[in-house]
Amino acid sequence: MSAPLLTEPPTGLDDLSVFPASTARLPQGHLSVGGVPLADLADRFGTPVYVLDEDEVRSRCRTYRAAFPEAHVLYAAKAFLSRAMARWIDEEGLGLDVCSVGELELAHSAGFPPERMVLHGNAKTPRDIETALRLGVGRIVIDSPSEVARIAALTGPAGRQKVMVRVVPGVSAGGHEKIRTGTDGQKFGLSLTDGSAQHAIARVLGQPQLELTGLHCHIGSQITEAKPYLVAVRRMVGLMARVKDSHGVTFPELDMGGGHGVAHRPGEAALDLTALARRLGAELATGCAAAGLPVPRLAVEPGRAIAAPAGVALYRVLSVKHTGPNMFVAVDGGMSDNPRPALYGARYAPRLIGRAATAGPVAATVVGRHCEAGDILADDVLLPGDVRSGDLLAVPVAGAYQVSMASAYNLVGRPPVVAVHDGTARLLIRRETQEDLRRRDVGA
């Protein structure tokens, strides 16, 4: 039985609003990004392949700097990191938020200044901390009471390390329960409500090796409205006022984290960055004035909002199967290169490229090649009814939390990453080969 024909007009398949700004329509259903035809990239580098628009990354960095001219903007490396990405972020004047020795050392190898890095992590290893201290990272964010003495001891009696304390402000925000990090009862940070944060602050102030520059919080991811951030700011200012009363200390910095939501499909909501910056600054100034505090320098940590819209994933269709009323379009990638749909219910909008469709849109489910029923890349999406084996699908908003979370499940190698800029393409990360996988297996 064929898939049901939908009443939505074919123009619904031609919406490029969530593709990079450089995306252009070419004849016969082709698209280009950064001046390079996507079909040419699929032929040259194979599929699956991730395409990253350098100009889109840089433009979004500049948008943040313009919206937050007085703030410290740090790119969250966990969204996507490569040496080229670190260089772009550096050249655009942003700092870098890292959460492992791997991210730290990769960025350092690209020449990123360690003093503009912040090290996060709810369970930092001794090597994480030792490397951060050796390289001279700008800040280490303390996430648990045990880290206070550990960092102080590794700093040594003659050393001095700037730190922040991560506070859980009791704010629930985010697109999925697994990415809500501002509420009690989860692994990150120190609670405001049970006194853990205040106790940790007192312990840090008692360590001469540690310089407490301010507080940090992160309330969740894929947040599309300003209100949760404003609530968090009020609670953080309240804590700063109590610290001043108890210890006579004021903080010069306040890091409000990231989690700024983007649209993954046409018509979805995205966070209004300009409105956020204006309202966040006003709330912070008003709260500090009422509490008799100097206004600290604000910091924000966008990751997805910079990287995601700059990326496009390309897949080759392997088969099309009609099962009852459902049309399943199977591609040569899946949950090994994008686990977000399985983990968080993330939804994407694949688009046929490389040829002109002759059929109207139908409801389809784009599935991966892995032996899991949950290996679904896009559920209930519109694709032309004549989609067939060998076709190319482009999935926009693919620059964040896909390559960085990829695995070699079923021993399928991770895809390459290709940067496009001004009509040229260059390989940033090569494809993981079967030989790479075999070399890791050293047993007899």
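The structure described here is a predicted model. The space within this second largest cavity amounts to about 40 Å³. Two strands, β14 (311–323) and β18 (376–384), each contribute at least two residues to the lining of the second largest cavity. Classified by residue type, this lining comprises 7 nonpolar and 2 polar residues, with no charged residues.

In total, 2 cavities of 30 Å³ or more were identified. The largest cavity has a volume of about 60 Å³. Its lining consists of Y50, V51, L52, F80, G311, A398, G399, A400, V403 and V417. Strand β4 (residues 49–53) provides the largest share of the lining of the largest cavity, namely 3 residues. The lining of the largest cavity includes 8 nonpolar and 2 polar residues, and charged residues are absent from it.

Aromatic pairing was examined next. The count came to 1 aromatic pair. The ring centres of Y64 and F68 lie 6.3 Å apart and the ring planes meet at 10°, so the pair is classed as stacked, the cut-off for stacking being planes under 30 degrees apart. Both partners fall below the 20% limit of relative accessible area that defines a buried residue: Y64 is buried, with a relative accessible area of 4%, and F68 is buried, with a value of 5%.

At the level of the whole chain, the secondary structure comprises 12 helices and 21 strands. The radius of gyration of the protein chain is 23 Å, which agrees with the value near 22 Å that a compact globule of 444 residues would have. Along the principal axes, the C-alpha atoms of the protein chain occupy a box of roughly 70 × 55 × 40 Å. Of the 444 residues, 54% count as buried. Among contacts in the protein chain with a separation of 6 or more, 70% are accounted for by residues 24 or more positions apart.

Methods
Residues numbered from 1 in each chain as written. Predicted model: local features only at pLDDT ≥ 70, side-chain atom pairs only at ≥ 80, totals over all residues. Heavy atoms only, no water. Phe/Tyr/Trp six-rings, centres within 6.5 Å; stacked < 30°, edge-to-face > 60°. Buried < 20%, exposed > 50% of the residue type's maximum accessible area, 1.4 Å probe, protein only. 1 Å grid on protein atoms, 1.4 Å probe; cavity = no way out; pocket = protein on both sides within 12 Å on 5 of 7 lines; lining within 4 Å. Points joined across faces, edges and corners; volume = space filled by probe spheres on them. Helix = DSSP H or I, 4+ residues; strand = E, 2+ residues; numbered from the N terminus. Nonpolar A, V, L, I, M, F, W, Y, C, P; charged D, E, K, R; others polar. Rg over C-alpha atoms; globule rule 2.2 N^0.38 Å. Contact = heavy atoms within 4.5 Å.
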